[in-house]
Amino acid sequence: MIAEAADEKPRDGGEGLTFWFLGLVLLIILPALNVLPSDDSWLHVSDFTLNRFGKFLAFAILALGLDLIWGYTGILSLGHGVFFGIGAYCIGMHLMLTIGTESVYGNDLPDFMVWNQVKELPLFWKPFYSFSVAVLGAILVPVFCALIFGFLAFRSRIKGVYFAIITQAVALSAWLVFNRNETNLGGTNGLTDFKQILGFRLSESGTQRALYVITVLALGGAYFLCRWIIQSRAGKVLVAIRDSEQRVFFSGYSPATYKLFVFVVSAGLAGLAGMLYVPQVGIITPGQIGVLPSLEMVIWVAVGGRGTLIGAIIGAVGVNFGRSILTNYFPELWPFFLGGLFIAVVLIFPDGLVGLMRRLTIGSVRKTLGLEKPSAASEGAQP
Amino acid sequence: MSNKGSIIYLEEVTVDYDGFKALNNLNLIVEYNELRVVIGPNGAGKTTLLDVICGKTTPASGRVIFGKDINLIGKREDQISALGIGRKFQAPSIYGNLTVWENLDLSLKRESKGIFATLMSKPTATEYRTIDEALETIGLKDHPHRLAGSLSHGQKQWLEIGMVILQDPLLLLVDEPVAGMTDKETEQTGILLQTLAEKHAVIVIEHDMEFVRQIARTVTVLHEGAVICEGPVEKVQADDRVREIYLGRQKVAHT
């Protein structure tokens, strides 16, 4: 019993502590180091770095949602790039429209439309003049798409590898659709060259700093939402679905409903992530939402640690940070590195970085205290 | 054709797996508060019978009536469960990554098992008490916070029985509860099932003839998807056809 308590306590306490520590660093220390020290101080965090972290943290929001559905519920979705993309394009369309006559062609229409000889703004663009429509749409359109797709898939009891393949096919088809000029979403070049958001110039560091802070707050909100879900009884049902879906049926729950719920929540979070990503990065193209990005998102979660919320955040930030460093020095090596990382996770640390750290710390604490691993598991084990 | 007073009533049920008739015009009636043991050689259709009742398998033809007039065919597993049919699987089917307590909490009978209810509600004091009682009954009161996956095989079987009890079903389907249990555990399980039968109807599938003798009042013998004999243990054991297809072989195997 004592050993049990030791096994379980640090789990939540540790994760909570890590979260508050990260929150302090991200929300206060990083922006403060961006503003306060002079540019040449070694403590100074450059606008570029802060902006880059803003992007990583937007990814972390998506990773939380993906962890909810994959890590906790055991459903592998290889199509979350699509939800991210829809969110990104929703806000992107709004930003395109606010460029106005500042564009290269000096036309009210977005440049690519002028280029493609589109005479009039397509109807589906019109609502995006409104900022609130764009923000709501960035979350609600992915939610709606997930609702329809999830309803059909889960009602037909599509699961496991079949679900993964179908979502991947969706990612591929979405990529194809967004690539076409006829879709009027900028084709291969996507949406870019944004100038302002709500009247604030996107090129100014103050605007970017504000976007960064908003992203940190959104990440915090997403974290608490996910934590609330997994700590509720519904969260236990999600884990139960992963462990034994059959038993969940016979305990009187409809797994399809729960799967749909978690799929929709994660799609909403992916949309939110896409919405925060675009104004900070300044461009969204079909290349960022297809099959490959969707796969990469899964790797973030795997590397950080499935089934722990903090792991998803660490994975998303860590992998992307590693990417931005590595691609600086060895641009060609990144895919190999990413692949190697994935293999390492599968073979060496299946619980991701968080699991690895936990194993190391618990192991070393035990060693220093002179405690052997207790026989909790072996006490009743049978051959 | 009086099915009055029966908890479950199967009429002419046929399950066809690509030409193999797992159940072949099977008829079965189980009364309220009855403990019924179903035996039969491998492939006789015992597990398929349970699958049909709990909605996992849809029969090609026939009727399955629960209680007075509820037709079970075409209903989903969770809907059937909500009507009051609980099932204990042959291999322990529990949630390995949840604690014993959480396993029981999820199984507890509740007004609503929809997503919003489970997001919002916290266990009430009565529910805590009910779960504690169940922990006591299944002998796991010292391990409420252990991960269910780390329990021994016998403990897992008991946990699953506890989970089914907490659903407070009108009818309990129990598939080979003592497989892999020690003699002592087997005996305790027998006592537990008999206690349960005082308040619920129970259908038990079993291979272990000793165990059958311990618990059975009425035994139904299945063979090739149909009932070939039904009655008290002594009558069934004396039946020539039963001896031929089942007990004869079992006797050799057991002693």
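**Helix packing in chain A**

Reply: In helix 2 of chain A, Arg52(A), Phe56(A), Leu57(A), Phe59(A), Ala60(A), Ala63(A), Leu64(A), Leu66(A), Asp67(A) and Gly71(A) meet Leu309(A), Ala312(A), Ile313(A), Gly315(A), Ala316(A), Val317(A), Asn320(A), Phe321(A) and Ser324(A) of helix 12 of chain A. Two residues are in contact if their C-beta atoms, placed from the backbone, lie within 7 Å. Helices (H or I, at least four residues) are DSSP runs, numbered from the N terminus, as are strands (E, at least two). This is a predicted model: local features need pLDDT of at least 70, side-chain atom pairs count only at pLDDT 80 or more, and totals for chains, interfaces and linings use all residues. Residues are numbered from 1 along each chain as its sequence is written, while chains are lettered from A and ligands numbered from 1 in the order in which they are written.

Me: At what angle do the axes of helix 2 and helix 12 of chain A cross?

Reply: Two packed helices are described by the angle between their axes and the distance between the axes. Here the axes come within 7 Å and cross at roughly 135°, which makes helix 2 of chain A oblique to helix 12 of chain A. Axes are lines fitted to C-alpha atoms, for helices over the stretch in contact, with angles from 0 to 180 degrees between N-to-C directions. Angles under 35 degrees count as roughly parallel, over 145 as roughly antiparallel, 65 to 115 as roughly perpendicular and the rest as oblique.

Me: What about helix 3 and helix 5 of chain A?

Reply: The axes of helix 3 (residues 80-99) and helix 5 (residues 131-155) of chain A come within 8 Å and cross at roughly 160°, so helix 3 of chain A is roughly antiparallel to helix 5 of chain A.
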